[in-house]
Every structure is written in C-alpha cells, then in structure tokens.
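Here is a short report on one predicted chain. The structure comes first, then the commentary.

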Amino acid sequence: MNVNDIVKEKAHVKMWAKIQGLTRKIEEQKSDLRNNSYNPFIPKELHEQVLDGNEQELILFKYLINLVEEDYKPIKYPI
C-alpha cells in the first residue's frame with residue numbers, strides 16, 4: 001500500500017464519518033423544529049438557517065466522497 005492509497009482511504013473514512021454525523025444532526029434538528037423543542041432564546045428562523053447550512057454541507061461531503069470513490073480503488077486486506 002503506497003502513501004497515496006493511505007491518504008485516499010483516510011479521506012474516505014473521515015468523509016463517511018462526517019456524513020453520518022451530519023445526517024444524525026439534520027434529523028435531530030428537523031425533529032426539534034417539528035416538535036418546537038428548540039432553544040427558545042434563539043429565533044426559529046435562525047434554527048432553520050442552521051439546518052439549511054447543515055443540509056448544504058451534507059451535499060458537499062457526499063459530492064467529495066464520490067470524487068474520492070471514483071479515484072480510489074478499494075484495498076483488499078488479507079484475512
């Protein structure tokens with residue numbers, strides 16, 4: 001395994017973890033907005049803007065992970 005493969009594998013793992021975290025965060029934010037259980041000291045519009053930002057970031061990371069997957073050949077580890 002060369003250094004390039006290691007970097008691509010690490011990039012893939014980090015982006016996958018970020019996507020999973022954002023997905024959970026977005027679902028939690030949507031649930032909070034649906035149930036009106038968000039912080040009352042922050043306007044609802046601001047919570048919606050944060051949700052929109054997280055959804056845009058999720059789209060970005062999905063795009064980036066696709067680029068890495070196109071360039072990255074999975075490594076077959078011996079078992």
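Residues are numbered from 1 along each chain as its sequence is written, and side-chain values use heavy atoms, with hydrogens and water left out.

**Fold.** The chain holds two helices and zero strands. Helices (H or I, at least four residues) and strands (E, at least two) are DSSP runs, numbered from the N terminus. Of the 79 residues in the chain, 20% are buried. Buried means under 20% relative accessible area, exposed means over 50%, and partly exposed lies in between (1.4 Å probe, protein chains only). Contact means heavy atoms within 4.5 Å. Among contacts between residues at least 6 apart in sequence, 72% join residues at least 24 apart.

**Helix packing.** Helix α1 spans residues 3–34 and helix α2 spans residues 44–71. They pack at an angle of about 155 degrees, and their axes are 9 Å apart. Axes are lines fitted to C-alpha atoms, for helices over the stretch in contact, and angles run from 0 to 180 degrees between N-to-C directions. α1 and α2 are therefore roughly antiparallel to each other, a label for angles over 145 degrees. By class, the contact of α1 with α2 has 13 nonpolar, five polar and eleven charged residues. Ala, Val, Leu, Ile, Met, Phe, Trp, Tyr, Cys and Pro count as nonpolar, Asp, Glu, Lys and Arg as charged, and the others, Gly among them, as polar.

**Core.** The largest nonpolar core has eleven residues, including Met15, Ile19, Leu22, Phe61 and Tyr72. Such a core is a set of buried Ala, Val, Leu, Ile, Met, Phe, Trp, Tyr and Cys residues joined through side-chain atoms within 4.5 Å. α1 and α2 are the elements that give two or more residues to this core.

**Contacts of single residues.** Neighbours up to four places away in sequence are not counted here.

| Residue | Contacts (within 4.5 Å) |
|---|---|
| Isoleucine 19 | Leu58, Phe61, Lys62, Ile65 |
| Glutamine 29 | Val50, Leu51, Asn54 |
| Lysine 44 | Leu33, Asn36, Tyr38 |

Glutamine 29 sits in helix α1. Glutamine 29 counts as buried because its relative accessibility is 17%. Lysine 44 lies in helix α2. Lysine 44 is partly exposed, with a relative accessible area of 31%. Lysine 44 and leucine 33 are eleven residues apart in sequence, and 7.8 Å apart in space, C-alpha to C-alpha.

**The loop.** Where is asparagine 36 placed? Asparagine 36 is in the loop between α1 and α2. Most residues other than glycine have a negative phi. Asparagine 36 is not a glycine, yet has a positive phi of about 55 degrees. At 53% relative accessibility, asparagine 36 counts as exposed.

Technical notes. Predicted model: local features only at pLDDT ≥ 70, side-chain atom pairs only at ≥ 80, totals over all residues. Parallel < 35°, antiparallel > 145°, perpendicular 65-115°, else oblique.
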